[in-house]
Amino acid sequence: MTSAVSFTGVSRHFGTVRAVDGVDIEIAEGEFFAMLGPSGSGKTTCLRLIAGFEQPTAGSIRLFGQEVRDLPPYRRQVNTVFQDYALFPHLNVLDNVAYGLMIAGRSKAERHREAEAALEMVALPGYGARKPSELSGGQRQRVALARALVNKPRVLLLDEPLGALDLKLREAMQEELKTLQRRLGITFVFVTHDQGEALSMADRVAVFNEGRIVQVGAPEEIYYRPQVRFVADFVGSSNILPPALTGQAGYATVRPEAVRIGAGTLPATVTAVSFLGAATRVTLDADGTRLTALLSKADARPEVGAAVMLGWDAADLHVMRAEG
Amino acid sequence: MSELATSGGVTGRVSDLFWRRPRVLLFLLLAPPVLWLGIVYLGSLFALLAQSFFSIDEFSGQINYELTLKTYAELFRQSNLDIIIRTVVMAALVTVASIIIAFPIAYYAARYARGRWKALFYLGVMLPLWSSYLVKVYSWKLILAKEGILSWLFQTLHLQWLLDGFLALPVVGGNSLSFSPTGTFLVFVYVWLPFMILPIQAALERVPVSMIEASGDLGAAPRQTLRHVLLPLALPGIIAGSIFTFSLTLGDYIIPQIVGTSARFIGLAVYQYQGTAGNIPLAAAFAVVPIVIMGLYLWWAKRQGAFDAL
C-alpha cells in the first residue's frame with residue numbers, strides 16, 4: 001500500500017541552519033501520526049513541507065505516491081489547521097468555513113449547506129453569522145478545523161492546534177479530535193511539543209530533535225522503550241540511570257512506578273515526598289542522579305533525609321543504545 | 001517604622017495624583033490637542049463655511065450678510081460645474097493610479113522587506129517628503145518639458161511619434177507633457193504617492209503570513225488570495241490612503257498652476273475667489289465641495305464594509 005505521506009532523505013536548510021536534516025517518514029493512510037519534539041526541532045518545518053509552504057533543500061516528498069516537489073500548496077489535497085487558526089477576520093464564520101468551496105467554484109447554496117454541516121460536525125451549529133473575533137479560543141479552533149475538513153482533504157495537518165487552549169478544553173478537544181479522526185478515516189498529522197498529547201492521541205509518534213527523527217513508534221514503545229536518552233528525557237516520565245549506577249553498557253531507564261524503596265542494592269537519599277492523591281511521589285538522590293519513585297497507598301512512606309536502598313525487577317530496567 | 005516608601009516630593013505627589021485619578025492625566029494630555037483642533041482648526045473651518053451661506057452684491061462687491069443658498073446655486077453654473085467635474089475626475093484618476101502603483105510596493109515592504117531593506121523602504125518613501133514640494137513640482141516641469149529628459153528619451157528610442165501622437169489626443173494631450181492634463185496627473189501621482197503607500201503598508205503589515213498561507217492551503221491560487229484575502233484586509237489602508245490622495249488633489253492649487261493647461265481646479269478657484277476676486281462666499285461654497293465629496297465617499301466605503309476588519 002502506498003503511504004499517505006512519504007519522506008525520503010528530506011532536508012530543509014535555512015542558510016546554515018539545518019531545520020530538517022535527512023528525515024525519512026512513512027505515514028500510512030488513515031493513521032493518526034504525531035510529530036513530537038521541542039521547539040526548533042524541525043517538526044513544524046516537516047509539516048510545512050507536507051503542506052507545501054516550504055520546499056525541501058534535498059530529498060523527495062510524496063503524497064499518495066505522487067512526488068510533490070513542484071506542487072504549490074493550492075494544488076495539494078492537504079489542509080492545515082494553523083497554530084493561530086488564521087481565520088479570515090473580514091469573513092463571518094460560515095464564509096470562513098466555505099472559503100475552500102468558494103475557491104473551488106461551488107454554488108453559494110451548496111457551499112453554505114456544506115459549511116453548515118461542517119459546523120455541526122464540530123459542535124458549532126448556528127454560529128455561521130458571527131465574526132471570528134466574537135468567538136472564544138476553543139470555538140475558533142473548531143471553526144479552523146471545520147474550514148479544513150469541509151474540503152475533504154486526504155491528509156489533515158494540525159500545527160499545535162491545542163496549544164492556545166486551557167487544560168480542560170484541551171483534554172476535551174483531544175478526545176474529540178481522536179473520535180473525529182476515527183470516524184472520518186482521514187490521515188491526521190499532528191505537531192505538538194506536549195508529550196502527553198502525542199502519546200494519548202496518536203497511533204504512532206515520531207520524536208524530533210535537532211532536525212532529525214530520533215525514534216518512531218507506537219506511544220507505548222516511545223514511553224516504555226525509549227531508544228536514546230533524548231527520548232527518555234523528553235517524554236519525561238522515566239528515571240534515567242547512568243551506566244555507573246546499573247553496571248550496564250549504556251544509559252538505562254526505569255519507570256517511577258517500578259522503583260521499589262527499601263529492597264535493593266542502590267543506596268539513595270530521600271530529598272522530597274509529595275502526596276499526589278492517587279499516589280505519593282518520592283524524589284531521591286543516588287550519588288548525584290535524581291530519581292523519582294511513585295508509591296501506592298499501601299507502600300510505607302519514607303521520611304525526607306532518610307537513607308534508603310532502591311531496587312527494581314530486572315525486566316523493568318530498559319537499556320538504551322548509545323547516542324548517535 | 002513605616003513599611004511604606006516615602007513620597008518623592010512634588011513630582012512624586014503629582015504621580016500619586018495621576019495614579020489615583022487616571023482621568024486627570026488623560027484630561028491634561030488631551031486638552032491641548034482638543035483645544036487646538038476644536039477651536040483653532042474646526043472653528044476657523046466653520047467660520048469659513050458660514051460664509052458660504054452669504055452672498056455677494058454683484059454691483060458693489062460687498063458681502064450681503066443674509067442667509068441664502070444663492071451662492072451654492074452659482075456652483076452649478078456651467079463654468080463652475082466644469083471646475084468641479086474636472087477636479088473630481090482628476091482626483092479619482094490620481095487615486096486609482098496611486099493605489100495601483102502603491103500596492104505592490106507596500107506589499108513588498110510589509111511581506112518581504114526586513115532590517116536594512118525595510119529601512120531603505122521607509123527612506124525611499126519618505127525622502128521625497130523631505131524636500132520642498134515646490135522644488136519637486138518644478139523639477140517635474142523640467143522633466144516633462146518639450147526639451148526635457150522624457151522627451152529626449154522618446155527621441156533616443158525613436159518613439160517621438162508615440163509621444164506626439166499622445167499629445168495630439170484631445171482632453172489628455174497638449175503642447176508638451178508639461179502643458180497637458182497628463183502632466184498634471186503625473187505630478188499629482190508622484191507627489192501624493194507616499195500618502196498611499198504608507199497606510200496600505202501599515203494595513204498589510206497586520207496581515208499575518210499564516211492568513212495568506214491558509215488561503216493557499218484552502219486551494220486559492222495567488223491571484224485568488226489577492227482578491228479574497230489581501231485586498232479586503234488592505235481595504236482600510238487603501239481607503240485611508242485614498243482619503244489622502246483624493247482630498248489633497250481636490251484641494252491643491254499649486255500643481256495645476258505650474259504643470260498643465262490653465263484650466264482651473266477647485267483649489268485654484270477657492271484661492272482666486274477669496275484672494276483676487278474677493279468673493280469669499282463663493283470661495284467658501286467651493287471649499288464645501290471637497291468636504292461633501294469626502295463625506296459621500298466615506299459613507300460609501302463604510303457601506304462596502306471597508307472598515308469591518310478594523
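Which residues touch the most other members of the largest nonpolar core? Some notes on that and on a few other spots, bearing in mind that this is a predicted model.

1. The core. To take the opening question: the largest nonpolar core has 157 residues, and those touching the most other members are A:Ile50, A:Val97, A:Val189, A:Phe190, A:Val207, B:Ile200 and B:Phe286. By element, helix α9 of chain B (residues 181-205) gives the most to this core, supplying 14 residues.

2. Where the chains meet. Chain B puts 17 residues into the contact and chain A puts in 18. On the side of chain B that touches chain A, α10 (209-217) and α11 (222-251) each supply at least two residues. Of the elements there, α10(B) gives the most, with 6 residues. Sorted by class, that side of chain B has 10 nonpolar, 4 polar and 3 charged residues.

3. A helix pair in chain B. Have a look at α7 (residues 149-156) and α8 (residues 160-168) of chain B: their axes come within 7 Å and cross at roughly 130 degrees. Angles over 145 degrees would count as roughly antiparallel and 65 to 115 as roughly perpendicular, so α7(B) and α8(B) are oblique to each other. From α7(B), the residues in the contact are B:Ser151, B:Phe154 and B:Gln155; they meet B:Gln160, B:Leu162 and B:Leu163 in α8(B). By class, this contact has 3 nonpolar and 3 polar residues, with no charged ones.

4. The sheet in chain A. Here 4 strands of chain A make an open sheet, ordered β15-β14-β13-β16, with antiparallel pairing. At the edges sit β15 (289-295) and β16 (307-311) of chain A, each pairing on one side only. From one strand to the next, the twist averages 50 degrees.

5. One strand pair within that sheet. As a reminder, strands of a sheet pair through backbone hydrogen bonds, either parallel or antiparallel. In chain A, β13 (residues 260-275) and β14 (residues 280-286) run antiparallel and are joined by 6 bridges. If you want a spot to start from when tracing the pair, A:Phe275 stands opposite A:Thr280 in β14(A).

Definitions and conventions. Residues numbered from 1 in each chain as written. Chains lettered and ligands numbered in written order. Predicted model: local features only at pLDDT ≥ 70, side-chain atom pairs only at ≥ 80, totals over all residues. Axes fitted to C-alpha atoms, helices over the stretch in contact; angles between N-to-C directions. Parallel < 35°, antiparallel > 145°, perpendicular 65-115°, else oblique. Contact = placed C-beta atoms within 7 Å. Nonpolar A, V, L, I, M, F, W, Y, C, P; charged D, E, K, R; others polar. Pairing = 2+ DSSP bridges. Core = buried A, V, L, I, M, F, W, Y, C linked by C-beta atoms within 7 Å. Buried ≥ 20, exposed ≤ 12 C-beta atoms within 10 Å, placed from the backbone.
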